[in-house]
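Subject: Structure handover

Hello,

Here is the structure we talked about. Please open it next to this note and follow along.

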Amino acid sequence: MNVKQEVYRLKEDSPILASSGIEKRNQALRFIAELIREHSGEIFAENEKDLKAAKENHISSAVMKRLKFDEGKLEASIKGIEQLILLLDPLNRTKLNRQLDEGLVLKQVTCPIGVIGVIFEARPDALIQISSLCLKSGNCAVLKGGKETVHTNRILFQFIREGVIKAGLPQNCVLQVEQHNEIDELLECDDCVDLLIPRGSNAFVQYIMNHTRIPVMGHADGICHIYVDKEADFDEAIRIIVDAKTQYTAACNAVETILVHEDIADEFLPKLSEELKKNHVEIKGTRAVTGRIGGEPVEREDFKEYLELIVSVDVVDSIDAAIRHINTYGSHHTDAIVSKDLGAAEYFMNLVDSAGVYHNCSTRFADGFRYGFGAEVGISTGKIHARGPVGLDGLVTYKYKLFGSGQTVDEYASGQKQFHFMDQ
């Protein structure tokens, strides 16, 4: 495949998709959901091929969990599409309506970004989420999934493309690339791709950022923290931590580091340790932790994103120490405080510099579907354009439309006319 040539076709069709009505875009989503459900048996059979190959290649357990596409993930994907259909059209919303002078009106109106390239890890459901969000937001999408999911992604894309064509949208609004070398070709398409969203390891995301002139949005790591404050309810804290670590260990919003206030450490840490052991979670603690519950100590500089049943634990002497640790060692993804002190919670949430800051709940809530976005193309830890789970609003930009009645700039520069700014 000549990637550049194919992507140019998307660029040519992007204005057509951008100007398509919401009814047609929603109809494409309905067709996609119907086709996926109707052909679920074929999809599961292709997924088994990927699972078998992954086992033969000794793929890690974290990747295997992401790779498996079963009835539960299929239904969740369809539910996400159905939720997406119910959301308002993100396009053509007037964000500014300002009269500059009589007969001269300026409007700021939302529009698609254009052509978005998404390079994602071994999750077939991500292909469905990403393509659905792009279609709903009027963006053409170049989709590159992991090699581990080649069979599943191929058949899913077949039905996505079929749904798009059936609804009357331009057939070149979605493109799938499969070969690894095609990633480098895609990175060179800075004249026809408007945004790249990489989803994968830190090293992979850094590679993308360092080898393209295309703007990149996303996150490299998911080092999420839970700080257990001295005013925490122990049972509530333990329940939240267990969920955040074990509910889906391979996700980027699973908790990786627990910080415990020293005033409660003697009593809380043994209880936490006992419950984590019941759930087969290994603790990697500093000396302040192992001195209370045993084990070999580690340095806090060794804390990392595990994506396994492992969690780092440390003791801090204040809420400020917890905030400093999170802002220094965290990845600015999602961090939480467990406390009955509302003032402490507000203080923590204001000072922690992360895309998501939570009070008394699991970090696993950091998800576009759980936010009511229908789905997400990924999580952004950046601060420009989009932050946190990126749904429809993160996939649109805006343009200015100026409606005049024969005005010229010279009339205002010479003083013949004056601006009379008035928002409407």
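With which side chain does the side chain of N26 make a polar contact? The partner is the side chain of K136, at 2.9 Å. Keep in mind that this is a predicted model.

**N26**

N26 sits in helix α2, which covers residues 22–38. N26 is buried, with a relative accessible area of 10%. Leaving aside residues up to four places away in sequence, N26 touches I85 and K136.

Now the pairing in detail. Strands of a sheet pair through backbone hydrogen bonds, either parallel or antiparallel. Strand β3 spans residues 115–119 and pairs with β6 in the parallel sense, over 4 bridges. β3 also runs parallel to β4, joined by 5 bridges. The bridge partner of V118 in β6 is I197. In β4, V118 stands opposite L143.

Is β4 largely enclosed or largely open? β4 is largely enclosed by the rest of the structure, because 5 of its 5 residues are buried. In a regular strand the side chains alternate between the two faces of the sheet. In β4, C140, V142 and K144 point one way. A141 and L143 point the other way. Note that the buried set includes a lysine, K144.

**Helix α10**

Helix α10 runs over residues 234–246, 13 residues in total. From its first C-alpha to its last, α10 reaches 18 Å. That is close to the 18 Å expected at 1.5 Å a residue. At the start of α10, a side-chain oxygen of D233 comes to within 3.1 Å of the backbone nitrogen of D235.

Which residues of α10 are buried? They are F234, A237, I238, I240, I241, V242, A244 and K245. An α-helix has 3.6 residues a turn, so residues three or four places apart point the same way.

**Cysteines**

How many disulfides does the structure hold? The count is 0. A disulfide is a covalent bond between the sulfur atoms of two cysteines. Take C192 as one case. The closest cysteine sulfur to that of C192 is in C189, 4.3 Å away, so the pair is too far apart for a bond. The cut-off used is 2.5 Å. C192 counts as buried, because its relative accessibility is 0%.

C361 is another case. The closest cysteine sulfur to that of C361 is in C224, at 12 Å, which is too far for a bond. C361 counts as partly exposed, at 23% relative accessibility.

Best wishes

Terms used: Residues numbered from 1 in each chain as written. Predicted model: local features only at pLDDT ≥ 70, side-chain atom pairs only at ≥ 80, totals over all residues. Heavy atoms only, no water. Buried < 20%, exposed > 50% of the residue type's maximum accessible area, 1.4 Å probe, protein only. Pairing = 2+ DSSP bridges. Helix = DSSP H or I, 4+ residues; strand = E, 2+ residues; numbered from the N terminus. Expected span 1.5 Å × (residues − 1). Polar contact = N/O pair within 3.5 Å; in protein donor to acceptor, adjacent residues only side chain to side chain. Contact = heavy atoms within 4.5 Å.
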